[in-house]
Structure formats: C-alpha cells, structure tokens
Amino acid sequence: MAKYQLITDYSKVDFSRWAKFVLDHPMGNIFQSPEIMQAYKGINNFYANVILVLHNDLIVGSLLYVIQKEAKGVLGYLSSRSIVMGGPLALDNNLEIIDILLQEYKKVIGNKAIYTQFRNLFDFTFAKEIFKKNGFLYEEHLDILIDISKTPDVLKSNISKNKRGNLSKSINKGARFLEINDKLRYLECVRLINKTYQRIGLPCPDDGYFLRFYEELHHKNILKVFALEVEGKLIGTRLELCYKDVVYDWWAGSDYGYNNFYPNDVIPFKILVWGHKNGYKTFDFGGAGKPNVPYGVRNHKMKFGGDLVEYGRYQLVHKKILMQLGKLGLVVYKKLKKYVGSKG
C-alpha cells in the first residue's frame, strides 16, 4: 500500500490528468469522467466525488461515485444511496488497485448513504472475488447494446416489422425528428420527461438538475438532445450522453396523448442513424431488468435489434434497517407521484 498515494478530495485533483486516464482506459466511460462530476456540482440532493490512486505520480485507478437523495430531511436520508456507474477503473484492470479503491471507498462513504450500488457497463466478473471480499453481493442485471457501426439500411432491417411500420406511419402523418440546441426548447423536453416520470410514479430530478447538465455538457457535444415534433409541438424526447465511440441513452419522455405518432419508436431509431453518421460505434440502450423476470421495457428495447448482455451489479447495504424503511418510503412516494400524475 505504501507505494500508492490516495486522493479523496476532488478539489485536489488534476482534472486534465484524470480526464486522460479515463479517456485512455479501455473501460473509460462518461460516468467516470471529470466532465460528469463537474456537472453534478451544485445540484440539489446530489453529491459527487472521486477517489484516485497514484503510483509514481501517475494515476493508476479512479472511482467516481454519486450520492443521491429524493428530498431533504428524513425522506432524503432514508432515500440516500451511492451509485457508481461504470467503475472502478484500474490500470490494466489490476485487482490490487481495485481492492484499494473499494477499501478506501468504504471508509469515505461512512454514514452518507444507506447502500451502494455499482452498475456495470462492462463485464466485471474478473473482479468478482475482490468485490465479494469487500462485502459486495452480485446481482444479475441486463443491458442492451446496439452495434451502430452498421449502415442505416441494416439498422432499419434489424428492428421489428411492427416498429418499421410505426416509423412510416409517424413520418407520413407529419412528425418531424430534430436535434434540440435551444435552452427554451430543451426545457420543453425536460417538462415531457417530468410528466412521464410523474405519470408512471417514478422519482425525477428537478429542472435545476437538467439545466446544470445542459450548461456543462451540451456545448462540449457530450449531451445531445433529440425530439419528435408535430405542428411545432414537441411530443417526445430523449437525452443522450456521447463519449468516445458510445452513445448512452439517458433520459426519455413523451406526451401520452400523442402515442399514435409513436415517439418512442421513431426517436430511438433516428438516434441510431444519427450515431452511425457521426462516427459512434455503440448505442447503450441502458437497463433491461433482471433475467427471467418479465419486463415490458426490455421487450420494447429488444425490438431495435440489440444484443442482450448480463454485466450485473454489485451492491453493499450499509444500513440494513434503514434500507427497509427506505424501500417502504419509496413505495409510498411512487404511489403519491402516480396519483398526482393521474390528476395532472
């Protein structure tokens, strides 16, 4: 351990060196980048920080974590969780460095979160024993990846016949796909997302969260905003995070009253084509639930011709009793949100 130096305060981090480490790492991704951490700074109910491991003054490991809460006060504490997307990263996938990162992480997390979840974006089974040694349990979880290096014609042929038909119907009825580059129109997209999450009873951050990401990442061409429009009205939207050769599907929303224009079919397909034309290789369609458990979202996503992968998650509960209370509180919260959404 003496040969390694640890940095646990982002204010002491050389962001340019950290950015290069993530960019050069084969598993480097937007969710472990300094750009994403800068975006989280100043957002209510979110706190991001990073742990770096240095050897001979070179960065050899990093772990960016984000502590999230649904509200302030008691509900906030009961809903506090630490999420690590696509990490940790270690030079040459060195298990000793990963072990150091996990041990240090458990020290710094303290009482700040009820539980921690590592959401894998790559196959992390090589580190399974190190996670287990540090108290993490492995949970199966699916993701969907689409190869967008293929031509638009091939991409279209790979989606289901039903969705190809919906594409034609939507365009024939006058729907128009577009990229959003204006803050006011972006806020229209945010409202679509908020209403969608309210309708299905899931938590959604406030406008400040989305504005912060727009201000930090849009001009860097990391955040891309796409929408479907009918007679000047936005009826569906998707926010994407673009990094290296991957387009990460991030947030989505649509106007339920315009489902006959199929925004949830048209927008994803058009993004696949956009990604191909702009040199990206992979579209990460995001979570697809647990294996052998029915999940409508997975069924919808698989009709776009992707590959189902099982990279799983590692989870550690820090406060077991509070975890149970938090689950109960979240159930009540979701029911209230859904009730409010049905009245809106």
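Asp92 lies in the loop between strand S5 and helix H4 (95–109), helices (H or I, at least four residues) and strands (E, at least two) being DSSP runs numbered from the N terminus. The phi of Asp92 is near 55°, a positive value in a residue other than glycine, and Asp92 is exposed, with a relative accessible area of 72%, where buried means under 20% relative accessible area, exposed over 50% and partly exposed in between (1.4 Å probe, protein chains only). This is a predicted model, in which local features need pLDDT of at least 70 and side-chain atom pairs count only at pLDDT 80 or more, while totals for chains, interfaces and linings use all residues. Residues are numbered from 1 along each chain as its sequence is written, and side-chain values use heavy atoms, with hydrogens and water left out.

**Backbone geometry in loops**

- Gly87 and Pro88 are joined by a cis peptide bond with omega at about 0°, and Pro88 is placed in the loop between strand S4 (81–85) and strand S5 (89–90).
- Lys244, although not a glycine, has a positive phi of about 55°; Lys244 sits in the loop between strand S11 (233–243) and strand S12 (246–254) and counts as partly exposed, at 35% relative accessibility.

**Helix H10**

- Helix H10 has 15 residues (263–277) and should span 21 Å at 1.5 Å a residue, which agrees with the 21 Å between its end C-alpha atoms; the expected span is 1.5 Å times one less than the number of residues.
- H10 is mostly covered, since 11 of its 15 residues are buried, and among these buried residues are Pro263, Asp265, Phe269 and Trp274.
- After H10 comes Gly279, whose phi is positive, near 85°.

**Salt bridges**

- The count comes to 15 salt bridges, a salt bridge being a side-chain nitrogen of Lys or Arg within 4 Å of a carboxyl oxygen of Asp or Glu.
- Lys133 forms a salt bridge with Asp99, their closest N and O atoms being 2.4 Å apart; the pair links distant parts of the chain, with Lys133 in helix H5 (residues 128–133) and Asp99 in helix H4, 34 residues apart.
- Within that pair, Lys133 is exposed, with a relative accessible area of 55%, whereas Asp99 counts as buried at 10% relative accessibility.
- Lys107 and Glu104 meet through their side chains in a salt bridge of 4.0 Å, N to O, and these residues are separated by about one helical turn because they are three residues apart in helix H4.
- Lys107 is exposed, at a relative accessible area of 62%, while Glu104 is buried, at 15%.
- Glu139 forms a salt bridge with Lys290, the closest N and O atoms being 3.8 Å apart; this pair also links distant parts of the chain, with Glu139 in strand S7 (residues 137–139) and Lys290 in the loop between strand S13 (282–287) and helix H11 (296–302), 151 residues apart.
- Glu139 counts as partly exposed at 27% relative accessibility, and Lys290 is partly exposed with a relative accessible area of 40%.
- Arg176, Arg185, Glu188 and Glu229 are linked in a network of salt bridges.

**Cysteines**

- The structure holds zero disulfides, a disulfide being a pair of cysteine sulfur atoms within 2.5 Å.
- Cys189 counts as buried at 0% relative accessibility, and Cys242 counts as buried at 4%.
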